[in-house]
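Work through the following exercises with the sequence and the structure open beside you. Try each task before reading its solution.

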Amino acid sequence: MNPADSSSPLRLLIHGASGRMGQSLLRLAAEQPDQFTVVGAVTGRPPPQRVVDGVPHFAAREMNGVPAFDVVIDFSLPEGFDSILSLCSQRGAALVSGTTGLSDAQRQTLDEASERIPLVWASNFSLGVAVLTELTERAAKALAQWDCDIIESHHTQKKDAPSGTALTLGQAASTAGVEVHYASLRAGDIVGEHTVQFAGLGERIELVHRATNRDIFARGALHAARRLAGKPPGSYRVRDLLD
Ligand code: NAD
């Protein structure tokens, strides 16, 4: 890893750079030059410009030519995931990934890679959802006999359903033996809303999280990248990397 001196900027590669999340990451990283140097940006299709604001851009098929980096932040699509994971393993670099909709085989490869590199994969990098997950786990333990439904809403471009976050919340509830049902809405430009509902006889609890700006996910991923760099190989959770 580059930062033998942890005060030097982290060398970042952004994978999925032309997407909504990628653009947010590039903007926020550029606002903190003492913390991050973006050494490259990778997009699925060939980039219209080779260098944007001083950052070299690469198409996914040119990825072997990217310069040395400490950490990749990946918010792309499942079809681009295998090659970025394999590049991190080859280069011994850390991986922060928020890509959702991964297959079981991809999750398995991710687990295996954690024996060689430090990595964090999370369906949601916001602090609010980390707390919502804990609240869900707690409510499910106390209300194991109630019906549990998770309702999620996202913008119309979102490909996977239920969302990765809904599945993570469902997993938290099911640790208490609750059977979870899911409902997904795709409408307008909704950034992300999740409601975990517990319904009993004559009463109901709703735990709601609304994301109004996707910068919350990008900030969380940048924070995780800073904390992950230089750690021993392993699979870390967002909550392991909070201060
Ligand atoms: P988007 O469709 O706007 O962008 C996708 C990006 O992936 C683009 O840059 C595209 O060029 C790139 N891409 C597509 N195919 C590729 C390939 N084969 N190789 C390399 N790159 C490829 O999507 P988005 O809204 O930015 O979301 C990206 C991902 O992040 C999705 O999986 C989404 O569900 C997830 N997401 C996660 C969180 C979280 O906190 N974990 C938050 C928001 C979004």
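**Exercise 1.** State which residues the domain assignment of this predicted model gives to domain 1 and to domain 2, and then describe how the two domains meet.

*Solution.* Begin with the bounds: domain 1 takes in 3-121 + 215-241, while domain 2 covers 127-211. Next, consider the separation, for the C-alpha centres of the two domains lie 27 Å apart. Then turn to the interface, where 7 residues of domain 1 are in contact with 10 residues of domain 2, and where about 660 Å² is buried between the domains, 59% of it on carbon and sulfur atoms. Of the area that domain 1 buries against domain 2, R20, T100 and R239 supply 55%, more than any other three residues. Finally, look at the polar links: the count of salt bridges between domain 1 and domain 2 is 0, and 1 residue pair is in polar contact across the interface.

**Exercise 2.** Find what the salt bridge between R27 and D215 ties together, and decide whether each partner is buried or partly exposed.

*Solution.* First, check the distance: the closest N and O atoms of R27 and D215 are 2.8 Å apart, which lies within the 4 Å cut-off for a salt bridge. Second, locate the partners: R27 belongs to helix α1 (residues 20-30) and D215 to helix α6 (residues 215-228), so the pair ties together parts that are 188 residues apart in sequence. Third, compare the accessibility values with the limit, since buried means under 20%: R27, at 42%, is partly exposed, whereas D215, at 10%, is buried.

Notes. Residues numbered from 1 in each chain as written. Predicted model: local features only at pLDDT ≥ 70, side-chain atom pairs only at ≥ 80, totals over all residues. Heavy atoms only, no water. Domains from an automatic or database assignment. Contact = heavy atoms within 4.5 Å. Buried area = accessible area lost by both parts, 1.4 Å probe. Salt bridge = Lys/Arg side-chain N within 4 Å of Asp/Glu carboxyl O. Polar contact = N/O pair within 3.5 Å; in protein donor to acceptor, adjacent residues only side chain to side chain. Helix = DSSP H or I, 4+ residues; strand = E, 2+ residues; numbered from the N terminus. Buried < 20%, exposed > 50% of the residue type's maximum accessible area, 1.4 Å probe, protein only.
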